[in-house]
Amino acid sequence: MPTLNLVPVSVGDYRRIAERKLPRFLFDYVDGGAYGEVTLARNVADFAGIVPRQRVMRDVSSVETSTRLAGTDCAMPLALAPVGMGGMLARRAEIQAKRAADAAGVPFTLSTVSICSLEEIAAVSDRPFWFQLYMLRDRGVVTEILDRAWAVGVRTLVFTVDLAVVGERYRDIRNGIAGGTGRWGQLRSGPLSYLSHPRWLWDVGVTGKPHTFGNLAAYVPAATNPTQYREWVGRQFDASVTWEDIAWLRQQWKGQLIIKGVLSPEDGIAAARAGADAVIVSNHGGRQLDGVASSISMLPQLREAVPDTVSVLMDGGVRSGLDMFRAVALGADGVMIGRPWAYAVAARGEAGVSAMLTAFAREMSVAMALCGVTSVADISRDLVALEGDNR
């Protein structure tokens, strides 16, 4: 007989609850990827081919998961990744996620296109958070946002480089979030969808206002909803950006600089030469160029290519503390998770994110103990094998 499913524990559990709670276009916006979603699936599937090597009869009575990521002390090698429009998933969701991250002792990363502003997130606590930024055509806006971030205590900037153009995401087109719908389509994806999700309608639609991109409100004063902001941001993406622009950014930003969206050794080396303190191996969660390699499969090559002084993180497909262990064993200093916290906050709010992070920490600790190590620094490549090479 099926289980009762009374207590969500896995990312998949939170995903199922989020699917029930969210209007369809919002769930698909978070859940979907580019084209046929091959890379989206590959990101998750490739973790299963990394086989932990169990070791026994070791003293693992005291396991410590704490580490340091990009100058930040962390309770485990994990940070919450930036999620655009996060505040549409639950009432002021970025604030709820920041509180959960603070309690768990891990960094929270605020997106440029978040609903909550830098100032709102800074008011949550004195614990520093990370901020993600795109290179916009208007460099004046970039420098103003950087100044605002620094003023509220941000010292780690995550700069996304794999969005020169926006990937074709079929689910967003089908659901009308990318435009192109007639009046009936707008009614189905808007008011009718909202009315069929009354809890979301009250939690977000009524009490979760304002529904603006808090970090960009001053630059798009006429916009009143996320769709109008998306159009402005789309026009601002600068397809002419090169590594010289990253060198310029390095001159503007005095704190830690992390380059997100690197998927080749050559680009990892270029990021290091441009002044990056860390790189994030990422294919944008399978949302940009479908068919490319999974992040986890490219991780070892990136780790080998960049200097030891440059930290290497990865995101895409991480769904458990065991996956976090696998990534560290293959060379990552840590991982970032986006969809997992998005599902959790949509499903259960702050409590959901907290419970999910507790599960990740517990799973990481169990994986370490059963592989015979007691600290993150002791996790090495010989603790995992690739499927088919497990001898």
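In this predicted model, residue M336 counts as buried, because its relative accessibility is 1%, and a residue is called buried when that value is under 20%. M336 belongs to strand β11, which spans residues 334–337. When neighbours within four places in sequence are left aside, M336 is in contact with A79, L80, A81, P82, T109, W130, I280, L313, M314, D315, G316 and V318.

Strand β11 takes part in an open sheet of eight strands, whose order is β4-β11-β10-β9-β8-β7-β6-β5 and whose pairing is parallel. At the edges of this sheet are β4 (78–80) and β5 (109–110), each of which pairs on one side only. Strand β5 is joined by two bridges to strand β6 (residues 130–133), and the two strands run parallel; within this pairing, T109 has W130 of β6 as its bridge partner. T109 and W130 are also both listed among the contacts of M336.

The largest nonpolar core has 105 residues, of which L78, L80, M314 and F325 touch the most other members. Helix α15 (residues 339–370) supplies the largest share of this core, namely 14 residues. A second, separate core consists of 12 residues, and among them are A70, C74, A79 and M336. Not counting residues up to four places away in sequence, L80 touches A97, A101, P107, F108, T109, M336, I337, W341, V353 and L357.

Helix α12 (residues 265–273) contributes the buried residues P265, G268, A270, A271 and A272. The elements that cover these buried residues include α11 (243–252), β8 (256–262), β9 (278–281) and α13 (295–305). Just after α12, G275 adopts a positive phi of about 105°. Another glycine, G176, is found in the loop between α7 (170–175) and α8 (183–195), and G176 is buried, with a relative accessible area of 17%. The C-alpha atoms of G176 and S311 are 39 Å apart in space, while the two residues are 135 positions apart in sequence.

Charged side chains form 17 salt bridges in the structure. In one of these, the side chains of E19 and R24 meet at 2.8 Å, N to O; E19 is partly exposed, with a relative accessible area of 29%, and R24 likewise counts as partly exposed, at 37%. A further salt bridge, also with an N to O distance of 2.8 Å, is formed by the side chains of E37 and R171. Since E37 lies in the loop between α2 (24–31) and α3 (38–48) and R171 lies in helix α7, this pair ties together parts that are 134 residues apart in sequence. Both E37 and R171 are buried. These residues belong to a network of salt bridges that links R15, E19, R24, D28, D31, E37 and R171.

A salt bridge of 2.8 Å, N to O, is likewise found between the side chains of D323 and R326. Because D323 and R326 are three residues apart in helix α14 (residues 321–329), about one helical turn separates them, and both residues are buried.

On the surface, by contrast, L4, L6 and V7 form a nonpolar patch, with about 380 Å² of accessible area together. L6 is located in the segment before α1 (11–21), and L6 counts as exposed because its relative accessibility is 66%.

Conventions: Residues numbered from 1 in each chain as written. Predicted model: local features only at pLDDT ≥ 70, side-chain atom pairs only at ≥ 80, totals over all residues. Heavy atoms only, no water. Patch = residues over 30% accessible without salt bridge, like charges linked within 9 Å, V, L, I, M, F, W, Y side chains within 5 Å. Areas by Shrake-Rupley, 256 points an atom, 1.4 Å probe, with all protein chains shown as cover. Salt bridge = Lys/Arg side-chain N within 4 Å of Asp/Glu carboxyl O. Helix = DSSP H or I, 4+ residues; strand = E, 2+ residues; numbered from the N terminus. Buried < 20%, exposed > 50% of the residue type's maximum accessible area, 1.4 Å probe, protein only. Core = buried A, V, L, I, M, F, W, Y, C linked by side-chain atoms within 4.5 Å. Contact = heavy atoms within 4.5 Å. Pairing = 2+ DSSP bridges.
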